[in-house]
Amino acid sequence: MQKYAAFMTGLPLRGGADNEKIRRLYTRLGFSNVQTYRSPDNVLFETAPVGILGPLEAQISRHMRRSLGTDDIWTFIRTPNEINHIVRDVPFSSEVLSKKENHLFIVLLTDPLDSRAKRELRIRRSYNDEFVPAETHIYWLRHVTDDSVAPQPLSEIVETHATVRSLNTL
């Protein structure tokens, strides 16, 4: 059995998907040792190893959409090894991360970024937001002060489905 972490976006959290319901839905797909972590949209589970994660992500997303009656659920799966690499390879110093006004987010993507998106991320770097693209995720350092402007809409830059988690969640 292989352990996986699924991060979902689009769940109807108000009245639709609580921790227990999500665990039941994952169990119906044949997964074992299903647990939610911090909220229903972070799920740990075990299943037979798969070579390519895309079909497994699609299967879970379809099942959740059908079961919860919504069309906008997307699933992003990472192995424990991939999560360890994401956490280990953070491109910011511990000094930067320890400042209370700095918040590090990880943007998980379904597909790797193309060169246009990488260029856009460099262009949109600002005092408040710094983006560092990686394989199928983006490190997003958000510097929050009283003068902070609203976060930039990543949907204008990234042409693939995405979900955002704090580094602490990973």
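A search of the whole structure, which is a predicted model, turns up six aromatic pairs. One of them joins phenylalanine 131 and tryptophan 140, whose ring centres are 5.7 Å apart and whose planes make 35°, a tilted arrangement. Those two values are what one needs, since a pair of aromatic rings is described by the distance of the centres and the angle of the planes. Are these two residues buried or exposed? Phenylalanine 131 has a relative accessible area of 6%, so it counts as buried, the limit being under 20%. Tryptophan 140, at 9% relative accessibility, is buried too.

Elsewhere, Tyr4, Tyr26, Phe31 and Phe45 come together in one aromatic cluster. A further ring to look at is that of tryptophan 74: arginine 65 lies over its face, 4.3 Å from the ring centre.

Four of them build an open sheet in the order 2-3-1-4, and the pairing is antiparallel. Strand 2 (32–37) and strand 4 each have a single partner strand, so they stand at the edges, with one side of each lacking a neighbour in the sheet. On average, neighbouring strands here are turned by 25° against each other, direction ignored.

Two helices pack on this sheet. Helix 1 touches strand 1, strand 2, strand 3 and strand 4, and its direction makes about 150° with that of strand 2. Helix 2 touches strand 1, strand 3 and strand 4, and its direction makes about 145° with that of strand 4.

Strand 1 and strand 4 run antiparallel and are joined by five bridges. Within this pairing, alanine 5 stands opposite arginine 78, and alanine 6 stands opposite isoleucine 77. Strand 4 is mostly covered, with four of its five residues buried.

**Helix 2 and what covers it**

Does the length of helix 2 agree or disagree with what its residue count predicts? Helix 2 covers residues 53–68, and at 1.5 Å a residue its 16 residues should span 22 Å; the end C-alpha atoms are 22 Å apart, so the two agree. Just after the helix, glycine 69 takes a positive phi of about 70°.

Which residues of helix 2 are buried? They are Leu53, Leu56, Glu57, Ile60, Ser61, His63, Met64, Arg65 and Leu68.

| Element | Residues |
|---|---|
| Strand 1 | 2–9 |
| Helix 1 | 19–28 |
| Strand 3 | 39–47 |
| Strand 4 | 74–78 |
| Helix 3 | 80–88 |

Arg65, listed among the buried residues of helix 2, is the arginine that lies over the face of tryptophan 74.

Another open sheet has four strands in the order 6-7-5-8, with antiparallel pairing. Which strands stand at its edges? They are strand 6 (129–133) and strand 8 (162–166): each has a single partner strand, so one side of each is left without a neighbour in the sheet. Neighbouring strands of this sheet are turned by 25° against each other on average, direction ignored.

Strand 5 (residues 102–109) and strand 8 run antiparallel, with five bridges joining them. Here valine 107 stands opposite valine 164 of strand 8.

Conventions: Residues numbered from 1 in each chain as written. Predicted model: local features only at pLDDT ≥ 70, side-chain atom pairs only at ≥ 80, totals over all residues. Heavy atoms only, no water. Phe/Tyr/Trp six-rings, centres within 6.5 Å; stacked < 30°, edge-to-face > 60°. Buried < 20%, exposed > 50% of the residue type's maximum accessible area, 1.4 Å probe, protein only. Lys NZ or Arg CZ within 6 Å of the ring centre and 35° of its normal. Pairing = 2+ DSSP bridges. Axes fitted to C-alpha atoms, helices over the stretch in contact; angles between N-to-C directions. Expected span 1.5 Å × (residues − 1). Contact = heavy atoms within 4.5 Å.
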